[in-house]
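Let's take a walk through this structure together.

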Amino acid sequence: MKAAIIGLPQAGKSTLFTAATGTLVDSFAPPEPRAATVRVPDPRLTHLTSVYKPKKTIEATMELVDIPGCLLSDAKGQQEWRRFLPSIRQADLLVVVVRMFEDPSQSPTDSKADPGSDFQTMWEELIFADLDAVTTRCERLESALKKPTKTHDAEKKEMELLARCREALEASEPLSAVVRTDDERKQVSSFAFLTEKPILCVLNLADGQDADSTDWKFKHVKETVAICGSLESEVAQLDPEDRPAFLEELGIDTPARDRLIQACYQAAGLISFLTVGTDEVRAWPIAEGTTAVGAASKIHTDIAKGFIRAETVSYDDLVAHGDMKGAKSAGRVRKEGKTYVVHDGDILNILTSA
């Protein structure tokens, strides 16, 4: 899974990127997207590792991409934004960062925090980018439909869908509200529309600012999380052994980095199923609603092809009864078929014909 971090200049995107990844950003480097892979925190793996003592423990991962901020009010900034759009379109999730504190380094007009306006500015750019792509394609289809071709019916069907998309975008509505069926999603998949993607909004706080006072709600946003990017960036750069004491001194139970990554995971509609054993304990990311055979294909396509059934137990049931043997004795292990919908924290042992 890939998440693109976007926002206006000085919103704190790069600081947030450092906080989440521990990767310092060179402020003198040319403005280009920067990517890093992070592990998704999952306390369940810690317990399972203590039980099974495997040779290795593998967490789910996701990729974060830091997109440079662009001054969208001038031509150069708009040109830079268009240059970065392909990188943003490749993401599965958009993380929009808005500044919650005054910034004296900016002009008097821009120094005050205005998260609502900042988010709306970014939303309008996402809408416009999709509208531009839809309009361009519609113009080509209108020309093509004037001539009888073998693809006429397919092009007519695409035109009808894109006409609905254009109508929604002109009303500032996201394409996620229009493109709903698997067939429609397949039709427009090549566009990688921005407003079809889920959005996580990050409220970037000042040091000491109370997160409880930032009760902001943004339309079309899946999740909202408040984080002090500068503080978390300092935490990320500490040696791992020094972090617990530092966090304890600040009265922080869960690092905001963990909350951010978990929020990204949830906003993208992902859950984890788990596999356990003495060789490996592992979390596997899948989309909500994935079936048992779909989960099997995540491990290996051959396992999906030879799928017979999945021995399934919830993480909570396994913990309550010690291990898989104890859960089986208590009748908590179920035998599920291909169409079983996997739940977050399900521990699967997939049996195959191979």
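Gln78, Trp81, Leu85 and Arg89 of α3 are in contact (heavy atoms within 4.5 Å) with Met122, Glu125, Leu126, Ala129, Asp130 and Ala133 of α5. By class, this contact has 6 nonpolar, 1 polar and 3 charged residues. Ala, Val, Leu, Ile, Met, Phe, Trp, Tyr, Cys and Pro count as nonpolar, Asp, Glu, Lys and Arg as charged, and the others, Gly among them, as polar. Helices here are DSSP runs (H or I, at least four residues), numbered from the N terminus.

This is a predicted model, in which local features need pLDDT of at least 70, side-chain atom pairs count only at pLDDT 80 or more, and totals for chains, interfaces and linings use all residues. Residues are numbered from 1 along each chain as its sequence is written, and side-chain values use heavy atoms, with hydrogens and water left out.

How do α3 and α5 lie? Helix α3 (residues 75-89) packs against helix α5 (residues 115-144) at an angle of about 75 degrees, with the axes 12 Å apart. Axes are lines fitted to C-alpha atoms, for helices over the stretch in contact, and angles run from 0 to 180 degrees between N-to-C directions. The two helices are therefore roughly perpendicular (65 to 115 degrees) to each other.

Trp81 and Met122 also belong to the lining of the largest cavity, along with others including Ile6, Lys13 and Cys70. A cavity is a set of points on a 1 Å grid over the protein atoms alone where a 1.4 Å probe fits but cannot get out, and lining residues have an atom within 4 Å of a point. The lining divides into 7 nonpolar, 2 polar and 1 charged.

Notes
1 Å grid on protein atoms, 1.4 Å probe; cavity = no way out; pocket = protein on both sides within 12 Å on 5 of 7 lines; lining within 4 Å. Parallel < 35°, antiparallel > 145°, perpendicular 65-115°, else oblique.
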